[in-house]
Amino acid sequence: AAAATLGVTAQRAVESHKFFDNWSLGVYGGAVTPLQDFGLDRSRAVAGLELSKQLTPVIGVGVQAGTGFNTTGSHTVADNVTAMLIGKANLSNLFCGYKGTPRLFEIEALAGAGMNHFFGCGAEYAIAAEDATSFATKAGLNFNFNLGSAKAWTIGIRPAVVWDMEGGRKMNDQVKFNANNAVLELTAGITYHFKSSNGKNHFTTVKAYDAAQIDAL
């Protein structure tokens with residue numbers, strides 16, 4: 001619906017695409033710190049992968065898988081792992097329209113939900129003294145710079161908040177948003193947009209003609 005509205009507004013229509021069109025793969029890394037009483041001395045490193053598909057120039061969906069380092073007292077290399085389904089909305093295209101090629105700079109809103117597994121041992125970041133898995137959510141913004149003549153590469157700065165919805169270390173089984181059980185995440189990433197069946201790395205637009213115009217031609 002958003003794509004159709006954009007097409008009418010610009011007198012151009014977004015070209016239809018196939019299932020394997022408009023996919024992208026990205027890597028990201030950075031740090032997290034508790035949302036309450038945050039600080040550099042309490043920050044921990046994180047890294048992850050993201051596989052996404054654009055459904056329209058505005059709406060995208062994907063999967064994120066990430067890990068944290070030194071977030072618990074465990075002796076494993078990765079102290080926690082997170083997996084989330086995500087949804088993205090390109091605010092630049094939503095409010096300013098899509099011209100058939102990505103802008104140099106765009107802003108996306110992001111929301112997701114999934115699971116977070118900690119490898120225990122009771123450090124202050126850990127949700128329990130032993131291994132535990134909890135429901136997690138995420139919300140944030142992506143500040144994207146689309147680079148190259150084909151805009152095949154995107155470099156993004158990605159601030160977000162991640163909530164442990166089940167009470168953090170206390171594990172009180174009450175699913176709710178609580179700033180005391182959340183972390184502030186600041187990462188940067190690079191994404192490659194795979195070529196679609198038409199050879200382009202993004203949605204393309206075509207000029208729309210109605211039946212009368214076609215008959216006249």
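Biologist: Which element gives the largest share of the nonpolar patch?

Modeller: Strand β8 does, with three residues. Please note that this is a predicted model.

Biologist: Which residues form that patch on the surface?

Modeller: The patch consists of V27, L49, L104, F105, F145, L147, W153, I155, I157, L186 and I190, and together they have about 970 Å² of accessible area. Two or more of its residues come from each of β7 (132-147), β8 (153-164) and β9.

Biologist: Where does F105 lie, and is F105 buried or partly exposed?

Modeller: F105 is in strand β6, which covers residues 105-118. F105 has a relative accessible area of 36%, so it is classed as partly exposed.

Biologist: Let us turn to the inside. Which residues make up the largest nonpolar core?

Modeller: That core has five residues, namely M84, I86, L110, A136 and V162.

Biologist: Now for the charges. How many salt bridges does a search of the whole structure find?

Modeller: The search finds three. In one of them, the side chains of E50 and K88 meet at 3.0 Å, N to O. This pair links distant parts of the chain, with E50 in strand β3 (residues 44-54) and K88 in strand β5 (residues 80-90), 38 residues apart.

Biologist: With which other residue does E50 form a salt bridge?

Modeller: E50 also pairs with R158, and their closest N and O atoms are 2.7 Å apart. Because R158 lies in strand β8 and E50 in strand β3, this pair ties together parts that are 108 residues apart in sequence.

Biologist: Why does E50 count as buried?

Modeller: The relative accessibility of E50 is 8%, and therefore E50 counts as buried, the limit being under 20%. R158 is buried as well, because its relative accessible area is 9%. K88 is likewise buried.

Biologist: And which residues form the remaining bridge?

Modeller: E185 and K138 form a salt bridge, with 2.8 Å between the closest N and O atoms. E185 belongs to strand β9 and K138 to strand β7, and the two are 47 residues apart. E185 is buried at a relative accessible area of 9%, and K138 is buried at 7%.

Biologist: Which residues are joined into one network?

Modeller: E50, K88 and R158 are, through salt bridges that share partners.

Biologist: Finally, the overall picture. How many helices and strands are there in the chain?

Modeller: The chain has three helices and 10 strands, in the order α-β-β-β-β-β-α-β-β-β-β-β-α from the N terminus. Of its 217 residues, 42% are buried. The chain exposes about 11,600 Å², of which carbon and sulfur atoms supply 65%. Among contacts with a separation of 6 or more, 60% are between residues 24 or more positions apart.

Notes
Residues are numbered from 1 along each chain as its sequence is written. This is a predicted model: local features need pLDDT of at least 70, side-chain atom pairs count only at pLDDT 80 or more; totals for chains, interfaces and linings use all residues. Side-chain values use heavy atoms; hydrogens and water are left out. Patches are made of residues with over 30% relative accessible area and no salt bridge: like charges are joined within 9 Å, nonpolar side chains (Val, Leu, Ile, Met, Phe, Trp, Tyr) within 5 Å. Accessible areas come from the Shrake-Rupley method with a 1.4 Å probe; for residues, only the protein chains shown count as cover. A salt bridge is a side-chain nitrogen of Lys or Arg within 4 Å of a carboxyl oxygen of Asp or Glu. Helices (H or I, at least four residues) and strands (E, at least two) are DSSP runs, numbered from the N terminus. Buried means under 20% relative accessible area, exposed over 50%, partly exposed in between (1.4 Å probe, protein chains only). A nonpolar core is a set of buried Ala, Val, Leu, Ile, Met, Phe, Trp, Tyr and Cys residues joined through side-chain atoms within 4.5 Å. Contact means heavy atoms within 4.5 Å.
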